[in-house]
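Colleague: Before we go through the packing, show me the coordinates and tell me what kind of model this is.
Modeller: The model is predicted, and here it is.

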Amino acid sequence: KKALEAFWSGKIDEAALQDAAATVRRSGWEAQATAGIDLIPVNDFSFYDQVLDTAAMLGAVPERYGWGDSGVDLDTYFAMARGRTGERDVRAMEMTKWFDTNYHYLVPELHENMTFTRGTTKAATEYAEARAAGVNAKPVLVGPLTFVLLGKTHHEHVDPLALLDQIVPIYAEVIAELSDSGAEWIQLDEPVLVQDRTPEQLQALTAAYEKLAAAKGNAKLIVQTYFDHVGEAYETLVNLPVEAIGLDFVRGPENFDFIAG
């Protein structure tokens, strides 16, 4: 936080900020290894929040930030998070609560006929950094269904689910890249599965993960849920073409009933 504030105020440059971030990541990995965790998550570090990181990965940058398609730099990233002032003030993206926690995330802005372009290599870069540090690393991504369903559209007739097919190829590219880099496990977080989901949304989930499974190479996929039980999504979840699923037995004790039944 101190490094971020120093960067925003112009007291340090981007290189110093990145050095501070690398130190924080290493400290976290070392603490988890010392605690006996044998599969340590990476790409869970963020300068702002993981949903914004995902928007940057997908090139889901609103037009007002003047971004091209050459990679989402920190200036664009922080403009999305905090807005931009100058000759032309640009407002930040909307912020809202992450499920029922006190954590907030920046809401993806989605619109009809939206196109997506790979905007960052953050997941692969941080995985390589962890591997170089001797960490048995598990890359973690916000899942594609969660990303589109948490997004906001400007028009009521636009269904965010219709954009799922547009982002899955980028997810597949990222997963293939991580697999080729040696990732044994890759985790995709889908907390929207603890909310009521329509049959169409669950069908779309299955179709999306069939495509992701085809891109995973030798890696194994985990679909993780949390904050509650998965309810009617359980049957869909356990039949996805993945090697593992994660259920929250603290916030969602009803999950015990599903596995027992």
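Colleague: How are α7 and α8 oriented relative to each other?
Modeller: The axes of helix α7 (residues 164-180) and helix α8 (residues 199-215) come within 8 Å and cross at roughly 30°. Angles under 35 degrees count as roughly parallel. That makes the orientation of α7 to α8 roughly parallel.

Colleague: What is the handedness of the crossing of α7 and α8, and how do the residues of the contact divide by class?
Modeller: The crossing of α7 and α8 is right-handed. On the α7 side the contact has L164, D165, V168, Y171, A172, I175 and A176, which meet A204, A208, K211, L212 and A215 of α8. By class, the contact of α7 with α8 has no polar residues, two charged and 10 nonpolar.

Colleague: Are α2 and α5 parallel or oblique to each other?
Modeller: Helix α2 (residues 14-34) packs with α5 at an angle of about 55°, and their axes are 11 Å apart. Angles under 35 degrees would count as roughly parallel, and 65 to 115 as roughly perpendicular. The two helices, α2 and α5, are therefore oblique.

Colleague: Which residues make the contact of α2 with α5, and how many are charged?
Modeller: The crossing of α2 and α5 is right-handed. From α2 come A22, R25 and W29, and from α5 come E126, E129 and A130. By class, the contact of α2 with α5 has three nonpolar residues and no polar ones, and the charged residues number three.

Colleague: What kind of aromatic pair do W8 and F78 form?
Modeller: The count of aromatic pairs comes to 12. For W8 and F78 the centres are 5.5 Å apart and the planes are at 90°. Planes over 60 degrees apart count as edge-to-face, so the pair of W8 and F78 is edge-to-face.

Colleague: How far apart in sequence are the parts that this pair ties together?
Modeller: W8 counts as partly exposed because its relative accessibility is 30%, whereas F78 is buried at 6%. F7, W8, F45, F47, Y48, Y77 and F78 form one aromatic cluster. W8 lies in helix α1 (residues 2-8) and F78 in helix α4 (residues 74-82), so the separation of the parts in sequence is 70 residues.

Colleague: Where is F99, which has a positive phi?
Modeller: Most residues other than glycine have a negative phi. Phi of F99 is near 55°. The location of F99 is the loop between β2 (95-97) and β3 (104-106).

Colleague: Is F227 buried or exposed?
Modeller: Phi of F227 is also positive, near 90°, and F227 lies in the loop between β8 (220-224) and α9 (234-238). The relative accessible area of F227 is 17%, and under 20% counts as buried. F227 is therefore buried.

Definitions and conventions
Residues numbered from 1 in each chain as written. Predicted model: local features only at pLDDT ≥ 70, side-chain atom pairs only at ≥ 80, totals over all residues. Heavy atoms only, no water. Axes fitted to C-alpha atoms, helices over the stretch in contact; angles between N-to-C directions. Helix = DSSP H or I, 4+ residues; strand = E, 2+ residues; numbered from the N terminus. Parallel < 35°, antiparallel > 145°, perpendicular 65-115°, else oblique. Left-handed = near helix turned anticlockwise from the far one by under 90°. Contact = heavy atoms within 4.5 Å. Nonpolar A, V, L, I, M, F, W, Y, C, P; charged D, E, K, R; others polar. Phe/Tyr/Trp six-rings, centres within 6.5 Å; stacked < 30°, edge-to-face > 60°. Buried < 20%, exposed > 50% of the residue type's maximum accessible area, 1.4 Å probe, protein only.
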